[in-house]
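Morning, everyone. Please look at the model on the screen. I'll start with a pair of helices.

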Amino acid sequence: MNRRGFWITLLATSAASVGLLWLPCGHAASSWCVPLGVPGEWVWNRIPVGEGGAATLLLGWSLAAVALLVYGGVVWIGATRVSNCSRAETAFWLAALAMAGFCWLSLLQESPPDGYRTSKAVQVLYYPSSSGYFFEARYEIDDVPSFLANYEERMAEGDVLHVGTHPPGLFLFHHSLIQLCNRFPSLTNFVLTTQPESADAAGALIADQTRGTTTPLLATGRAALWLAALITQAVGVLAVVPLYLLIRRTHQSQASFLAVALWPLVPALAIFLPKSDALYPFIGLMFLYCWLEGCRHRSLLRCAMAGLLFWLGMLLSLAILPVGLLALLLSVWETRAADDTTSEIGIGEGGWGRLKGAPRFTHTGGSLRSTPATPIWLKLCISAAIGAVAFLAATFALWAAYDVNLFNVWRWNVVNHSAFYDQFDRSYWKWVLVNPLELSLAVGLPVILLAIAGCRRAMQQSGNWRASRLGPCVCCMTTIGLLWLSGKNSGEAARLWLFLMPWLIWLAADMFARPVKAGAGKQIAPVSVVPMGALAVIALQAIVCIATVTRVTGFGGM
C-alpha cells in the first residue's frame with residue numbers, strides 16, 4: 001500500500017468507527033442502532049444525548065480540544081528533544097508526557113454529558129455491585145491478619161463476581177488508603193479539595209444516603225475513594241514509561257516517544273477509570289521489561305524484580321497470567337535469535353550488545369585455547385529459576401506471616417471464574433466474532449491499523465532487523481489469539497483486555513521509525529508516519545478517543 005492509500009484507509013476506517021458509535025439509537029431509529037456487544041448477554045450502553053445535549057457535547061468537546069492542544073504540545077517538544085539528549089532529560093520528558101497525559105485524562109472524563117463524568121469514580125468504587133473492594137475494606141475488614149487468614153474460606157463460598165474471582169491485593173490496597181486517611185486528617189482535607197465538582201457531588205450524595213445507616217460514608221471514606229481514583233489514574237498513565245523502555249530496545253528514541261504518546265489516547269483507559277483494570281498495564285509492562293532485560297544481560301537483580309512484579313500482579317488479579325505467557329514466548333524468541341548469532345547484533349540505537357553463545361578464547365602459553373561458554377539456553381533457564389525463586393519467596397513469606405495460602409486462593413479464583421459462565425449464559429461463537437471488533441473500538445482503529453502496518457513493515461525487513469522487530473509481532477499476536485480463542489472473556493473484553501492494549505502500541509511503533517535503507521538507495525518500507533505525519537496520527541487517534549468517551553459508558557452495561 002502506498003502512502004496515499006494508507007492515509008485514505010486510516011481516515012475512512014476511523015470515520016466509520018465514529019459513525020458506528022454515533023448511530024441514532026432512539027426508539028424511532030432502533031433499526032439503525034448497532035448493539036455494542038451481544039444482546040441478551042452483554043452490551044455496552046451508549047450515553048444518551050438528551051435535551052440540550054448538543055450544547056453540552058460542544059462544551060465537552062471544546063474542553064477536550066483544549067486539553068489535546070496542551071498534550072500535543074508536550075508530545076511535539078518532547079519528540080524533538082529525545083533524539084539528542086541525555087538520559088536525565090529523556091526521563092524528564094517521559095515524566096512530562098505522563099503528567100500531560102494525566103491532565104488530559106482528567107479533562108477528558110469531564111467532557112461527557114452530566115451524570116457520566118468524573119462522578120463515576122466515586123460511584124463505581126463505592127457500590128459493591130460495580131466493584132466491592134472499597135466496601136469490603138471499609139466495613140468488613142476489622143484487622144488484616146484475620147482477613148487474610150480467612151480469605152481461603154471466603155473464596156470457597158463460590159462468589160463468581162468481583163470478590164470471588166480476585167486475590168486479596170485490591171482489598172488490601174483500599175484498606176491501606178482508608179487507614180492512611182484516618183491517620184492523617186490533613187491528607188483527607190487536601191485530597192477532598194482536589195475533587196472536581198461532579199465527584200464531590202457524587203460523594204456528598206452517597207454520604208447523605210448512608211447517613212444513619214450501618215455503613216455511613218464519612219469524610220475519610222470519601223477521601224480514600226478519591227485517592228484510590230487518583231492513584232489508579234496515575235499508575236494507568238505511567239504505563240508510558242515501561243512501554244517506552246520496551247519499544248526503545250529495538251527502535252529509535254523519537255519513534256519510541258511518539259508511539260507511547262498514543263497510550264493516554266486509548267479510549268478504554270478513560271472509559272474504565274477508576275476500575276482496577278487500569279493498574280495492570282503498568283505492572284505487566286514493567287514485568288516484561290525487567291524480565292527481558294534480565295534475560296538479555298543475565299542480571300540477577302532484574303530477573304528477581306521481574307519475579308516480584310509478577311507476584312504483585314498475581315496478588316491483584318489473574319489478568320497477569322497472559323503477560324507471563326508473552327514473557328515466555330518473547331524470551332524464547334530472543335534466545336533463539338541470540339543462539340543463531342555469532343557476531344554483534346546492532347538493533348536500533350541501543351543495540352543488543354554482544355550476545356555470546358560461542359566459545360571464548362584465551363591465551364595459554366602463547367597459544368589460543370577455547371573454553372566452552374555457558375549454553376545460552378541454560379542461561380535462560382537460570383534466569384527463569386531466579387524469577388521463580390523471587391516469586392515463591394514472596395508467596396511463602398505472606399503465607400508464613402498471615403496464614404494465607406495464595407496457591408489455594410488462585411485455584412479458587414479460577415474455579416469461581418469458570419462458574420461465572422455456568423450462571424451467566426455466553427455464546428462462544430458470537431463472542432469470538434464480536435471481541436475483535438470490540439477490541440478495535442476500545443483501542444481506537446488508528447492504533448489497530450498502525451499495529452497491522454507495523455507488523456507488515458517488520459516482515460519486509462531482513463536479517464537481524466527482521467528477527468528483532470518481528471519478535472514482538474509474532475509473540476504478542478500469538479498470545480492475543482490464544483486468549484481470544486479460549487473464550488475466557490466472553491463479554492467486557494473492552495475492559496478485561498485493557499492490560500494487553502499497550503502491546504498493540506508496541507507493534508505500531510515501527511510506523512514511527514525512520515525508513516531503513518536497503519541497498520541501491522531503496523527503502524525497505526515505503527510508508528512511514530515520521531515526522532509530521534506522527535502528529536496527524538496522534539490527532540486522529542485523539543479525535544476517535546473523544547468521540548468514543550463522550551458516547552460510550554463503561555458502567556451500567558447489561
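Helix α15 covers residues 280-297, and helix α16 covers residues 300-316. Their axes come within 8 Å and cross at roughly 155°. Axes here are lines fitted to C-alpha atoms, for helices over the stretch in contact, with angles from 0 to 180 degrees between N-to-C directions. Over 145 degrees counts as roughly antiparallel, so α15 and α16 are roughly antiparallel to each other.

A note on the source: this is a predicted model, where local features need pLDDT of at least 70, side-chain atom pairs count only at pLDDT 80 or more, and totals for chains, interfaces and linings use all residues. Residues are numbered from 1 along each chain as its sequence is written, and side-chain values use heavy atoms, leaving out hydrogens and water.

Which residues of α15 meet α16? Among them are Ile 283, Phe 287 and Trp 291. On the α16 side, the list includes Met 305, Leu 309 and Phe 310. Contact means heavy atoms within 4.5 Å.

Now the largest nonpolar core. That is a set of buried Ala, Val, Leu, Ile, Met, Phe, Trp, Tyr and Cys residues joined through side-chain atoms within 4.5 Å. Buried means under 20% relative accessible area, with a 1.4 Å probe and protein chains only. This core has 164 residues. Its largest share, eleven residues, comes from α15. Trp 263 is one of those with the most contacts inside the core. Trp 263 touches Val 240, Leu 269 and Met 501, among others.

Last, helix α4, residues 119-126. Seven of its eight residues are buried, so α4 is largely enclosed by the rest of the structure. Its cover includes α5, α8 and α10.

Definitions and conventions:
Helices (H or I, at least four residues) and strands (E, at least two) are DSSP runs, numbered from the N terminus. Angles under 35 degrees count as roughly parallel, over 145 as roughly antiparallel, 65 to 115 as roughly perpendicular and the rest as oblique. Buried means under 20% relative accessible area, exposed over 50%, partly exposed in between (1.4 Å probe, protein chains only). Lists of a residue's contacts leave out its neighbours within four places in sequence.
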